[in-house]
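Please look at the sequence and the 3D structure below before reading on. The report is written for a reader who is new to such models.

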Amino acid sequence: MLNLAEELTKKIMKKHENLAETEKQLEIDRISNLPWDVLDTILVCLPLRDAARTSILSSKWRYKWTNLSQFILDDKCIHYSISDKTSRWIEIRKIIDHVHSNHNGPIEKFKLAAYCCPNYSDLDQWIRFLTEKGIKELIIQEFSVIKHFKLPDSVFCGPKLSHLELYGCILRLPSSFKGFDCLKILQLNHVFIISDTLEHLIRNCPVLEKLTLLNLHHLACVRIYNPNLKYVKIDSAFEDICLGDSLLLASVDIRMLPMNGGITRQPPEQGKVCTLFRVFGYLHGINRLSLSNQFLEFLANKDVPERLPAPFNSLLALELKEIRFASLKGIAASISILRSSPNLEDLLVTVYPCDDISKPVMDLVTAQLQSDFYFNQLKVVKIRGIIGTRIEWEFLRLILAHSPVLESMTIVKFKGERISESFLQEVERASKHVKFISLAL
């Protein structure tokens with residue numbers, strides 16, 4: 001009797017397993033019969049490695065993943081046990097070869113963001129293939145090494161390209177280049193490009209909105225002439241800059257690095273006008289501005305006005321980075337921008353720790369303390385990296401004494417104990433309702 005029951009149980013379980021397998025197969029068939037654009041929308045939401053695993057579902061699914069409209073090749077596509085950079089590229093190339101052999105239809109987006117050592121001949125051929133497929137977003141991010149490769153001319157014939165990010169290449173425009181009519185986002189990182197080429201490229205992107213330039217090589221002058229630009233970020237070495245007729249600029253972030261040899265030269269033809277006014281004098285629509293100390297020093301090549309003739313009426317958030325309180329030029333430019341921003345609400349200052357004491361800087365800040373001006377809209381101030389020098393303290397007093405609606409001030413001290421909130425409460429201030437947050441690193 002017991003044996004009979006066991007046999008019956010096994011048959012029932014087998015039947016349930018068969019039913020489950022049949023239902024699973026029916027479900028796969030239902031998904032398989034969905035329109036391709038629906039399947040593509042589903043599969044591109046998966047990491048590519050997971051999308052590729054669908055090839056085992058059935059013969060119908062074997063090559064579906066190779067026909068996606070978007071491919072993101074990152075570290076998730078490579079088994080964690082493979083650490084050699086060349087071997088990691090071989091794994092990437094296997095994926096590329098599968099797609100190249102089986103893909104039908106357009107490819108709208110390709111992103112390469114894997115720690116590897118690419119074979120540039122492979123990469124060149126792949127980029128040509130993507131261009132033929134009508135690529136709209138081409139994103140090549142950091143490799144493990146920088147070995148500049150010549151970007152194929154076919155990239156500049158992509159009429160649908162709307163998003164272009166390049167890393168570690170040599171960018172030379174072919175004589176046939178007429179512009180990118182659809183390009184809205186451009187990012188160049190560790191790219192070899194000369195000033196004239198960059199200017200020509202930017203001018204010929206009529207709908208460009210976002211421009212990011214990082215660690216460019218052999219760039220003397222950044223000349224940006226594009227009336228449609230809304231966002232600019234530059235973190236690179238250069239000798240001069242012109243933001244031209246970019247009247248729609250809303251966000252500007254510039255960190256200037258020294259050219260080879262550590263010297264930033266001032267172009268002789270620009271020496272008669274304060275660079276601060278020349279660069280920003282007519283860009284009245286900026287609402288977010290972030291500037292490094294070295295760039296502030298560059299802006300203060302001549303006598304810096306207490307405030308600009310045309311104020312930053314739209315500026316709401318200002319970040320001053322790597323500020324050196326021993327730098328008269330940097331502090332003078334900072335104060336001029338502050339006094340030219342009547343509607344500023346948010347101020348962030350990061351300090352480069354320095355024990356040096358500059359009497360001219362101290363005299364400048366002390367004189368500002370006696371001036372009759374106010375930051376009438378300033379609500380939030382964050383100052384990071386101070387070490388407790390007298391000039392830093394005078395700057396804090398300046399902000400507190402001239403900010404009648406200040407709501408909070410966060411102070412992060414780099415060395416020693418934090419400044420006590422009770423001590424800060426004793427400082428003369430224009431706002432009686434300010435909340436102090438004091439921290440120490």
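What follows describes the charged pairs of this model and then its nonpolar core.

## Basis of the model

This is a predicted model, in which local features need pLDDT of at least 70 and side-chain atom pairs count only at pLDDT 80 or more, while totals for chains, interfaces and linings use all residues. Residues are numbered from 1 along each chain as its sequence is written, and side-chain values use heavy atoms, with hydrogens and water left out.

## Salt bridges

Side chains of opposite charge can pair when their charged atoms come close. A salt bridge is counted here when a side-chain nitrogen of Lys or Arg lies within 4 Å of a carboxyl oxygen of Asp or Glu, and by this rule the count comes to 18.

One of these pairs joins Asp 75 to Arg 88, with the closest N and O atoms 2.7 Å apart. Because Asp 75 lies in the loop between strand S1 (70–74) and helix H4 (85–102), and Arg 88 in helix H4, the pair ties together parts that are 13 residues apart in sequence. Helices (H or I, at least four residues) and strands (E, at least two) are DSSP runs, numbered from the N terminus. Asp 75 is partly exposed at 38% relative accessibility, whereas Arg 88 is buried, with a relative accessible area of 9%; buried means under 20% relative accessible area, exposed over 50%, and partly exposed in between (1.4 Å probe, protein chains only).

## A link between strands

Asp 253 forms a salt bridge with Lys 321, and their closest N and O atoms are 2.7 Å apart. This pair links distant parts of the chain, since Asp 253 belongs to strand S12 (residues 251–257) and Lys 321 to strand S14 (residues 317–323), 68 residues apart. Asp 253 counts as buried at 16% relative accessibility, and Lys 321 counts as buried at 12%.

## A network of charges

Asp 196, Glu 199, Arg 203 and Arg 223 are linked in a network of salt bridges. Within it, Arg 203 pairs with Glu 199, the closest N and O atoms being 3.2 Å apart. The two residues are 4 residues apart in helix H6 (residues 195–203), and so about one helical turn separates them. Arg 203 is partly exposed at 46% relative accessibility, while Glu 199 is buried, with a relative accessible area of 14%.

## The nonpolar core

A nonpolar core is a set of buried Ala, Val, Leu, Ile, Met, Phe, Trp, Tyr and Cys residues joined through side-chain atoms within 4.5 Å. The largest one has 122 residues, and those touching the most other members include Leu 138, Ile 241, Phe 280 and Phe 295. Leaving aside neighbours within four places in sequence, Phe 295 is in contact (heavy atoms within 4.5 Å) with Phe 238, Ile 241, Ile 254, Met 256 and Phe 280.
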